[in-house]
Amino acid sequence: MTRIGIILGSTRPNRNGEQVANWVFDLASRRDDAEFELIDLRDYPLPHLDEPLPPSLGQYQHEHTKQWAATIASFDGFVIVTPEYNHGTSGVLKNAIDYLYAEWNNKAAAFVAYGSLGGARAIEHLRTMCGGLKIATIRQQLSFSLFTDFENFAAFTPAPLHNDVAIVLFDELESWAAALGTVRG
């Protein structure tokens, strides 16, 4: 069965991303054509990239890198849940992505973002990064505005229309993740 990791890309105290990632996971868990798992970056406290060799060599020296690599390697695709900070993704998510190379290759990714403009710029930042890692990104995305999808900028209250968008996102992601399995062999 196709395995999809839902990466929660924020570790801040009182982060809005936890509500968003749980909402995505809840919707995904109702599906029966793929297996979904939540990956919280708080569970992988990676220091700033500290491997002495480039990730493309795959010769990891540190146990935290080996654990992170094993987790990412076990999935066929990802839903990346990201905040938008200063027109980009979070530093902790960028760092986690930069730690690895081959473990990301020939897999699929979808994006769910939140921010004042729905996280659109963070998604574009991630699309560029994913291209360099040979991650195929799907077109459909979910964007949540802090002004309309959160009460008082804190309580996540997504509009019902997002449920329909999520179905398309999951359908596309599962299809691409399964197809890329043939490339990975």
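Let me start with a contact: the side chains of Asp76 and Arg184 meet in a salt bridge, at 2.6 Å from N to O. A salt bridge here is a side-chain nitrogen of Lys or Arg within 4 Å of a carboxyl oxygen of Asp or Glu. This pair links distant parts of the chain, 108 residues apart: Asp76 sits in the loop between helix 2 (63-73) and strand 3 (77-83), and Arg184 in helix 5 (residues 161-184). Helices (H or I, at least four residues) and strands (E, at least two) are DSSP runs, numbered from the N terminus. Asp76 counts as buried, at 18% relative accessibility, while Arg184 is partly exposed at 31%. Buried means under 20% relative accessible area, exposed means over 50%, and partly exposed is in between, with a 1.4 Å probe and protein chains only.

Before going on, the ground rules. This is a predicted model, in which local features need pLDDT of at least 70 and side-chain atom pairs count only at pLDDT 80 or more, while totals for chains, interfaces and linings use all residues. Residues are numbered from 1 along each chain as its sequence is written, and side-chain values use heavy atoms, with hydrogens and water left out.

Back to the salt bridges. How many does a search of the whole structure find? The number is twelve. One of them joins Asp33 and Arg31, at 3.6 Å from N to O. Arg31 is buried at 16% relative accessibility, whereas Asp33 is partly exposed at 42%. Both belong to a network of salt bridges that links Arg31, Asp33, Asp171 and Glu174.

Another salt bridge joins Glu124 and Arg127, at 3.7 Å from N to O. Both residues lie in helix 4 (residues 120-132), three residues apart, about one turn of the helix. As a reminder, an α-helix has 3.6 residues a turn, so residues three or four places apart point the same way. Glu124 is partly exposed at 46% relative accessibility, and Arg127 is buried at 18%.

Next, helix 1. Which residues of helix 1 are buried? They are Gly17, Val20, Ala21, Trp23, Val24, Leu27 and Ala28. These cover an arc of only 155° around the axis, so they sit on the same side of helix 1. The arc is taken over directions from the helix axis to the C-beta atoms. Asp26 is also in helix 1, and is partly exposed at 37% relative accessibility.

Two backbone points. Asn106 has phi near 55°, a positive value in a residue other than glycine. Asn106 lies in the loop between helix 3 (91-98) and strand 4 (107-115), and is partly exposed at 23% relative accessible area. Asn152 also has a positive phi, of about 55°, although it is not a glycine. Asn152 is in the loop between strand 6 (150-151) and strand 7 (155-156), and is exposed at 72% relative accessibility.
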